[in-house]
Amino acid sequence: MSAPHRFQQDDDIRRRGTDRRLVGQLLTAVRPYWRWVLAALAALALDGAVQTVGPLLTRHVLDVAIPARDAGMIARATLLFIATLVLQFAAGWAETMLTAQLGQRVMQDLRTRIFAQVQRLSIPFFDRNPVGRLVTRVTQDVESLNELFTAGVVAGLGDIFTLLAIGALMLWVDWRLALAAFAVVPVIALVSHLFQRRVRRSYRDIRGRVAALNAYLQERVVGMRVVQVFGQERAERGRFAALNAAHLDAQLRSITAYALYFPVIELLTTVALAMLIVAGLQGRGSEAVSVGTLAAFLQLARRFYQPLQDLADKFNTVQQALASAERIFQLLAEEPTIPDDGQATLPPRARGTGATVEFRGVWFAYDAARASVEGREPAWTLRDVSFRVAPGEMLALVGHTGAGKTTIVHLLLRFHDPQRGQILLDGVDIRQLPIALLRERLAYVQQDIFLFAGDVASNIRLGRPLSDAEVQRALAEVGAHRVVDRLPGGLTYALGERGASLSVGERQLLAFARAIAADPELLVLDEATSAVDSEVEGAIQRALDTLMAGRTTIAIAHRLSTITHANEILVLHHGAVVERGTHGDLLVANGVYARLAALHGHGGPGVAPAPALP
């Protein structure tokens, strides 16, 4: 199954009927604005009541004023009718403004809640969910809820009130004509029910297709360099065209349903009006219906059928919004897989001091939860890893791809928690620390540098209250000031998305400046110099030597030249520590590390170069 279809299926939440829990959650979201709701309902009730005045005035003029040739009565009726139109306009304007503001305010609150929720979720959640799907939650799904308030529930309640008011008035004016008008209602209800079922399926399909389009587009735009380098433009256009065509088909099915529904309703309305005329003309003698009454009934009938027709459409708006609400509240109910309930504290640190980091018998597997359900042994990524790094020392991690180096870093950052063993920071299990406290003590520089769209200064500060002088000092420590000085505007230069306007080496220099500006006690370097040339690497290494003084450093490196001075080097193989020691000790041991060093041209005397790791 291709990825786009997987996105679509994952996003396709099938609902049946109205979920009371969802309604309760929506009411909770609306509760702060209950005064707006009451005001909108009052405006709708006034609009519905005013709509009954026009037909009554018509009957009075035709049956009383015109036969009596009373021009004054006609003039008064005309002025009253104009007044009702003005009042109806005011009520409609108030209802539109109130429901629009209600919808916008609820949307603002939900978007804020969703963004805050996304920020607190653990990294594994983002591994499972495409970015495009999450963007759909904040855009299309929230917009559906706006339609729920502006054209759904509140307006639907207004339609119901109008139906009841006009229906009661029709029965009061002439119950025989009222029954003739009501005769077509069951047929309209049946047609509306069939329409609802058809459109509900179309809406469900459209939502899945939109999520698939967003996910696919986001992934291909981010990976555009790969697409172009491997000449996949035509193939990707074909895949996107297939997704786009599927979305078009879903939209056309919805349009077809609407194109059939409204003409059928219009036909039924016309038939009902014809039945009214026939019923009105069949009367004899005292049972005859007056011209005024018949004219009033024709107006009332049109006002009666219009909200009845609209209710079917509003019902589908509600169904669509409830499906979106389910997705939104499902996301809001998502709990982080990494609990943040630690209450422990760390002793205050003096500037320029490091931390003690210790791994004690750590085991970790990415598939541990699934393996537990399936009753099998997990595929361990780390196996009984133990080490200790004292303040001011540097620990280096080396090994082939997939050996577990980056997993060690991710566990230290609490992107995941180990299934066995402990990770200690200054003697405290990091699971007992608040995550914010843990992460404010360290700085992380990864291989894939991420810079935000914004100016240089904001990317160095990352919200910290640093002056321009402090930012400049951080840049100077890693030699990045020369890069910034060449940029138009210097610190105020606006970077492109992900720092695309800079070279890889320049982005890495800025990432080092960002780490230095944080003044951490623990540095975590994940292949931090793997993509820079030797000259830039030398500049960074000189800056790091100063930065690491008195601080603790854990570094992953493929370039062994950057870690030859490490206090201890761990050699990982298939998740286990197979060798440990200094650079010199490991060369003398003539094992896995010695073969790696030989491959990189750092072998010592008597080291036999080997083609690969065991």
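Asp526 has Ile556 of β10 as its bridge partner. That pair belongs to strands β9 (residues 522-526) and β10 (residues 552-556), which run parallel and are joined by 5 bridges. The model is predicted.

- Strands β9 and β10 sit in an open sheet with the order β6-β9-β10-β3-β11-β12.
- Pairing in this sheet is mixed.
- The edges are β6 (442-445) and β12 (576-581). Each has a single partner strand, so one side of each lacks a neighbour in the sheet.
- On average, neighbouring strands here are turned by 15° against each other, direction ignored.

**The sheet of 4 strands**
- This second open sheet runs in the order β2-β1-β4-β5, and its pairing is antiparallel.
- Its edge strands are β2 (382-389) and β5 (428-429), each of which pairs on one side only.
- Strand β1 (residues 357-364) pairs with β2 over 5 bridges, in the antiparallel sense.
- Which residue of β2 is the bridge partner of Val362? The partner is Val385.
- Helix α15 (residues 405-412) packs on this sheet. Helix α15 touches β1, β2 and β4 (420-425).
- The direction of α15 makes about 115° with that of β1.

**Helix α2: two sides**
- Which residues of α2 (residues 20-30) are buried? Leu22, Leu26, Ala29 and Val30 are.
- These four residues lie on the same side of α2, because they cover an arc of only 95° around the axis.
- Arg20 and Leu27 are exposed, on the other side of α2.

**Helices α4 and α5**
- Two packed helices are described by the angle between their axes and the distance between the axes.
- The axes of α4 (residues 53-65) and α5 (residues 71-120) come within 10 Å. They cross at roughly 170°.
- That crossing angle makes α4 roughly antiparallel to α5.
- On the α4 side, the contact is made by Val53, Gly54, Leu57, His60, Val61, Val64 and Ala65.
- On the α5 side, Met73, Ile74, Ala77, Leu80, Phe81 and Thr84 make the contact.
- How many residues of this contact are nonpolar, polar or charged? There are 10 nonpolar, 3 polar and no charged residues.

Note on methods: Residues are numbered from 1 along each chain as its sequence is written. This is a predicted model: local features need pLDDT of at least 70, side-chain atom pairs count only at pLDDT 80 or more; totals for chains, interfaces and linings use all residues. Side-chain values use heavy atoms; hydrogens and water are left out. Two strands pair if DSSP finds at least two bridges between them. Contact means heavy atoms within 4.5 Å. Axes are lines fitted to C-alpha atoms, for helices over the stretch in contact, and angles run from 0 to 180 degrees between N-to-C directions. Buried means under 20% relative accessible area, exposed over 50%, partly exposed in between (1.4 Å probe, protein chains only). The arc is that of the directions from the helix axis to the C-beta atoms. Angles under 35 degrees count as roughly parallel, over 145 as roughly antiparallel, 65 to 115 as roughly perpendicular and the rest as oblique. Ala, Val, Leu, Ile, Met, Phe, Trp, Tyr, Cys and Pro count as nonpolar, Asp, Glu, Lys and Arg as charged, and the others, Gly among them, as polar.
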